[in-house]
Amino acid sequence: MSLSPTRLFLYGLFFLSGAAGLGYQIVWARAFALGLGHELPGVLAVVSAIFAGLSLGSLALDRRISASPRPDLWYVALEALIGLWALATLVLIPASEAVGARWVGIDTGSAMRQWTVAFAIPLVTLLPATFAMGATLPAMERFVVAREPGRHVGGLYAANSLGAVAGTITAAYLALPWLGIRASVIGFAALNLICAGLAGLLALAWNRDRPREESRGPGAASRSALDRWGRGVRGLPLFWLATGCLGIAYESLGIRILSRVFENSIYSFAVVLSLYLAGTAAGAAAYQRWARPTRVEPTLRRLLTAIAASCMVGGLGLYFEVALYRLARGALGDSPAAVAFAELFVASFVFLLPTAFMGATFSHLVQAARRRDGGVGRSAAINTLGAAMAPPLVGVFALPVLGAPVVLAAIVSGYLLLARRWAWAAVVLLLCFFRPTSLPQELHREGESLLAWREGALASVAVVELADGERRLRVNGRFQMGGTGTGILGSRQGLLPLLLHDAPRNAAFLGVATGATLKGALEHPEVDLTGVELLPEVFEMLPLFENTGAVVSSSPRVELVVADARRFARTSPEHFDVIVGDLFHPGRDGAGTLYTAEHFAAIRDRLAPDGLFCQWLPLHQLDEPTLQSIVGTFLSVFPDAWAFVGDFVIDTPVVGLVGSRRGSLELGLSRWGGDPSALPKRSVLHHHKLYTPVMLAGSAIASPAQLREFAAGAEIARDDLPLVVYRAPYFTARRDTVRHGRLLSWIERVGTAEIAPLFAADAPNRTAWVERTRLFVEARDDYFRGLALADEGDGKGAMSALWRSHAQSREFTEVRRHLERIAAAMEPRSPDKARAIRRRLGLR
């Protein structure tokens with residue numbers, strides 16, 4: 001079927017309008033999450049608020065537009081209003097989300113309060129724009145029909161959905177990563193204003209030749225062909241509402257389950273959403289091309305049955321998601337394009353067929369509703385209202401309470417009931433009683449046993465046990481959040497920042513996981529601790545980690561808070577002597593916003609006058625440009641920051657950036673030789689390799705001057721453009737990286753840490769302390785080099801570096817213990833070499 005130039009032009013306008021609309025949705029959702037929080041109720045409330053605005057506009061203006069002799073002018077006005085109000089949101093959103101953050105506060109114990117605020121604030125702030133967006137479909141449909149009588153709902157919906165695909169890809173891959181939130185909004189607003197301008201020019205050109213009235217249009221006998229299209233339908237509003245709800249419910253379920261194997265970056269979401277929209281566009285286009293006037297109900301029943309069957313096929317895709325993703329990644333590799341195509345490959349099994357039938361069904365229902373006095377807007381409004389209900393219904397209630405198999409069965413049964421396939425619906429529901437406990441996922445792998453699992457609103461959280469008894473905490477089956485096999489790394493991350501403060505009284509920890517970091521902080525006497533965690537299910541798992549989480553959860557000195565870390569930093573009324581940002585997976589969507597200048601500044605404002613902040617970084621998950629950006633951003637708020645190594649290991653190298661609100665960070669020595677109650681027990685300090693000032697200062701890996709040189713010229717990450725969100729996924733998805741590579745390149749580029757400024761100028765025996773620490777640091781760096789050479793297979797070079805480390809400082813005892821382990825391992829096969837190592841160590 002060929003398209004006339006007029007129709008092609010108007011379809012093109014609606015394509016651009018769809019691109020702007022989805023672009024706004026992605027950008028606005030991210031903007032509100034910065035203040036209202038990343039908890040799922042808040043995120044879903046923003047999405048529902050946008051849907052609600054669309055529904056209101058479509059419903060309120062449907063009859064007015066249909067009765068107007070100039071729907072073209074209506075469309076021009078609507079597009080102009082969208083663009084202009086979008087520009088106004090550049091001012092309104094920061095102000096409104098700041099108010100919303102204060103209303104929600106840090107206590108999210110009341111989910112209803114959080115939902116209400118997170119729904120009301122975006123609804124009111126965006127209402128003029130979303131209201132106008134909702135009315136563009138009925139306006140454009142009348143606009144087209146006035147010039148080319150006939151049915152156009154399917155074609156317009158296809159063009160708009162295809163534009164939405166373009167808007168999604170543009171927002172996620174181009175606009176947000178390169179321009180930021182503000183510039184992206186301006187760009188999409190310009191697109192709306194261009195649509196308004198082009199439509200206005202067309203309307204002026206047509207003003208000389210007024211469009212024919214619809215009564216003179218197609219089939220003007222007793223009922224037009226368009227009216228006959230919808231004859232014989234009963235209960236259409238129920239179908240509009242239910243199909244909208246079930247369609248978005250399936251989308252929400254699919255995205256949630258796929259998150260267990262996908263990379264969970266902003267790009268993962270864009271891939272899935274683009275495929276969903278592309279499928280609906282294809283279905284609507286096919287409907288526009290091949291559908292013929294007929295009684296609506298038989299066709300509707302066939303389409304609904306097809307959706308139900310294809311959703312069951314999609315369920316099989318979810319069942320085999322792990323195998324499919326591994327197959328695709330193995331064949332395609334680790335490049336950004338390969339990851340995107342692998343995720344697209346898996347998502348196509350889940351979404352392609354169902355969404356195609358959904359697009360055809362929507363077009364069929366809305367076309368059936370069309371009358372001379374309206375109908376398109378009303379049907380689209382009720383359908384969008386159902387869509388607004390689905391995200392909270394599935395994400396907050398159904399999935400956590402019922403589980404994925406039951407939710408999928410309920411969706412399939414819902415479509416079958418609408419199609420009046422009563423027996424089939426009953427069979428699907430009965431199959432739920434014979435379901436597996438969950439759709440398969442990487443909750444546990446070969447050689448592991450699953451100890452506990454919780455399906456939460458935001459993620460699934462599991463504890464697995466390995467054959468050797470080690471326990472690990474996993475989120476969505478793939479993000480490891482710590483375990484019992486990490487040694488002292490976790491507890492050192494809690495204790496070291498407290499030792500850098502002269503006299504800490506309270507501390508906040510952003511991120512709890514297994515409780516290892518908080519457990520380390522508990523070893524410091526008389527410090528009250530607050531642990532902030534986004535996932536409430538993590539707190540439920542703490543008792544399964546006996547030596548860390550169980551201790552933390554039962555301690556009267558620890559307060560555990562379920563909250564978004566950003567909102568906690570902005571709204572907490574308390575000031576802390578020490579705040580610690582735990583290790584965050586930088587590639588995970590949302591985590592990158594914890595590395596922006598605004599967030600670091602909010603944390604600085606929560607510090608006591610002499611307080612300090614430590615942000616731990618997983619070096620093995622960051623490439624050098626991203627690391628430089630984080631360091632540069634941290635220095636923009638804490639210009640005299642230091643960097644400390646988390647532990648003396650290279651397989652999971654961790655570095656902490658430490659900044660003080662008072663400016664320079666100086667290590668006081670008085671507490672080390674004074675009242676012993678001011679420090680943890682000596683046995684605790686010995687266990688954590690922190691029992692002398694040399695060991696504490698020797699954990700420094702870069703001075704402020706060295707950090708400034710390392711980050712020179714780096715881009716500063718801001719809320720408007722959180723660089724880590726967009727850069728980190730490209731590195732974390734790779735499987736060929738050398739885990740110790742970033743640590744070694746850091747050491748070689750920065751050089752030996754300049755320790756002297758860390759000791760106060762009036763510290764007793766300062767010169768001696770500085771010299772001892774310098775030797776300690778040089779020995780530590782050679783130790784790292786030796787471990788890296790051993791990992792690369794250069795045994796001779798490794799032993800040379802280890803012996804050089806041992807000779808430089810006897811206070812760096814880690815190398816001695818490592819050489820003793822090497823001797824013990826060599827004893828069975830090379831006893832002579834083992835004895836030679838022991839003799840050199842002074843052992844028998």
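**Close-up A. Asp-647, Lys-689, Glu-814 and Arg-817 are joined up in a network of salt bridges.** A salt bridge here needs a side-chain nitrogen of Lys or Arg within 4 Å of a carboxyl oxygen of Asp or Glu. Everything shown is a predicted model, so local features need pLDDT of at least 70 and side-chain atom pairs count only at pLDDT 80 or more, while totals for chains, interfaces and linings use all residues. Residues are numbered from 1 along each chain as its sequence is written, and side-chain values use heavy atoms, with hydrogens and water left out. Searching the whole structure turns up 30 salt bridges.

**Close-up B. Asp-719 and Arg-566 make a salt bridge, with 2.8 Å between the closest N and O atoms.** Asp-719 sits in the loop between H25 and H26, and Arg-566 in helix H19 (residues 565-571), so this pair ties together parts 153 residues apart in sequence. Helices (H or I, at least four residues) and strands (E, at least two) are DSSP runs, numbered from the N terminus. Both Asp-719 and Arg-566 are buried; that label means under 20% relative accessible area, with exposed being over 50% and partly exposed in between (1.4 Å probe, protein chains only). Another salt bridge to look up is Asp-72 with Arg-70, at 2.9 Å from N to O. Asp-72 and Arg-70 are buried too.

**Close-up C. Arg-772 and Glu-811 meet in a salt bridge, their closest N and O atoms 2.7 Å apart.** Arg-772 belongs to helix H28 (residues 766-791), while Glu-811 lies in the loop between helix H29 (795-808) and helix H30 (814-826), so the pair ties together parts 39 residues apart in sequence. Arg-772 counts as partly exposed, at 33% relative accessibility. Glu-811 is partly exposed as well, with a relative accessible area of 23%.

**Close-up D. The whole structure holds 25 aromatic pairs, and Tyr-267 with Tyr-730 is one that is stacked, at 5.1 Å centre to centre and 25° between the planes.** This pair links distant parts of the chain: Tyr-267 is in helix H8 (residues 266-290) and Tyr-730 in helix H26 (residues 723-732), 463 residues apart. Tyr-267 counts as buried at 6% relative accessibility, whereas Tyr-730 is partly exposed at 34%. For the cut-offs, rings of Phe, Tyr and Trp (its six-membered ring) pair if their centres lie within 6.5 Å; planes under 30 degrees apart are stacked, over 60 edge-to-face, and the rest tilted.

**Close-up E. Phe-710 and Trp-746 form a tilted aromatic pair, 4.9 Å centre to centre with 35° between the planes.** Here, too, distant parts of the chain are linked, with Phe-710 in helix H25 (residues 704-710) and Trp-746 in helix H27 (residues 741-750), 36 residues apart. Phe-710 and Trp-746 are buried.

**Close-up F. Ring pairs link Phe-648, Phe-776, Tyr-783, Phe-784 and Phe-812 into a cluster.** The charged end of Arg-492 sits over the ring of Phe-648, 5.1 Å from its centre. Elsewhere, the charged end of Arg-151 sits over the ring of Tyr-287, at 5.8 Å from its centre. "Over" has a plain geometric test: NZ of Lys or CZ of Arg within 6 Å of the ring centre and within 35 degrees of the ring normal.

**Close-up G. H26 is largely enclosed by the rest of the structure, because 7 of its 10 residues are buried.** The buried ones are Leu-723, Val-724, Val-725, Tyr-726, Ala-728, Pro-729 and Phe-731. Their cover includes helix H1 (5-36), helix H5 (153-206), H8, helix H21 (624-637) and H27, going by contacts, that is, heavy atoms within 4.5 Å.

**Close-up H. Phe-9, Ile-194, Leu-198, Leu-201 and Leu-204 make a nonpolar surface patch of about 460 Å².** H5 supplies the largest share of this patch, 4 residues. Phe-9 lies in helix H1, and Phe-9 is partly exposed with a relative accessible area of 33%. Patches take residues with over 30% relative accessible area and no salt bridge, joining like charges within 9 Å and nonpolar side chains (Val, Leu, Ile, Met, Phe, Trp, Tyr) within 5 Å. Accessible areas come from the Shrake-Rupley method with a 1.4 Å probe, and for residues only the protein chains shown count as cover.
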